[in-house]
Amino acid sequence: MPDAAAPDPFGVGLPLDTAMSRPRPGTILLEVDGEIDTATAPRLQAGLDEALDAADAEGSRVVVDLTGVTFLASSGLAVLIGGARRLTALGGRLRLVAASRSVTRPLQVTGADALFDTFDDVASALSAEASRPSPATAPPPGVAPPTRGVGR
Amino acid sequence: MSDAESLDGMSTVEVRTSATAALIPTIRAVASDLAARADFDLDAISDLRMAVDEACATLVDAADPTSVLQCRFLVRPERIRVHAEVESAKPDTVLSTDTFGWRVLQTLADDVEVLHKAATDGRRATVAIRLDKSAGDVPR
């Protein structure tokens, strides 16, 4: 029987932590640790919303570090895709740090990886230049707008 | 188990939990463990873990709050069949398959099927998802 004095230890699902920081001017880093599923996706949503609100206000780029994520369900993918769309509308492109199969496989198998700039580690994600269409296919500057959002 | 599948002497594992999202991590951990021991390749292990999670999350959404989530794994040479089932919240509950999660599930599994069973004397209506996953890449 449920005991009112002792909350169900599994009641809120697994731990999922998000931490926002500004490792360098103009860049917001959201570090995520834990398993992202239907129970924990709202916490990712809250963390990402906060990061995107700040990015919108400051004109910063956003890096989401998923190195510490050990599971990623469609509910979590949906949050990331929503974030990517929002940032694209602002003229940016969401950067993900995804090193382990737990994260890269869901991105790959769903085709969602096309929506993000993905990096193996945080240092690369922080230092990379804004993504642009590849030189081979890119129109000369000023001739035509890029076909997809450019990082800022 | 309400479906017609019988134990055939092969390895079968059944996990029963309250039908709550907070316990799905336990079920997907079992899925992952079984796939690893059945020599699934690493992508297939990841896919099965995610597929089982999607199936269970979909069922929990449609389940009666007092329902059990029953998840049976039939481990076969080169493949695992999963049958997950809950008691429906309403007699006419129909699983929504017009969702992102369902499309992901279809992508992850080799085959997936929804099974609705109407209430019969004394037994509530149930809804189940059956999925098959092979140990390695199948040609698409």
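Helix 3 of chain A and helix 2 of chain B are roughly perpendicular to each other (65 to 115 degrees; under 35 is roughly parallel, over 145 roughly antiparallel, the rest oblique). The axes of helix 3 (residues 101-110) of chain A and helix 2 (residues 42-62) of chain B cross at roughly 80° and come within 10 Å. Axes are lines fitted to C-alpha atoms, for helices over the stretch in contact, with angles from 0 to 180 degrees between N-to-C directions. Helices (H or I, at least four residues) and strands (E, at least two) are DSSP runs numbered from the N terminus.

The model is predicted: local features need pLDDT of at least 70 and side-chain atom pairs pLDDT 80 or more, while totals for chains, interfaces and linings use all residues. Residues are numbered from 1 along each chain as its sequence is written, chains are lettered from A and ligands numbered from 1 in the order written, and side-chain values use heavy atoms, without hydrogens and water.

| Helix 3 of chain A | Arg101(A), Ser102(A), Arg105(A), Pro106(A) |
| Helix 2 of chain B | Leu42(B), Asp43(B), Ser46(B), Asp47(B), Arg49(B), Met50(B) |

In chain B, five strands form an open antiparallel sheet in the order 1-2-3-5-4. Strand 1 (11-18) and strand 4 (111-117) of chain B each have a single partner strand, so one side of each lacks a neighbour in the sheet. Strand 4 of chain B pairs with strand 5 (residues 126-134) of chain B over seven bridges, in the antiparallel sense; pairing requires at least two DSSP bridges. Helix 2 of chain B packs on the sheet, touching strand 2 (68-76), strand 3 (79-87) and strand 5 of chain B.

Technical notes:
Contact = heavy atoms within 4.5 Å.
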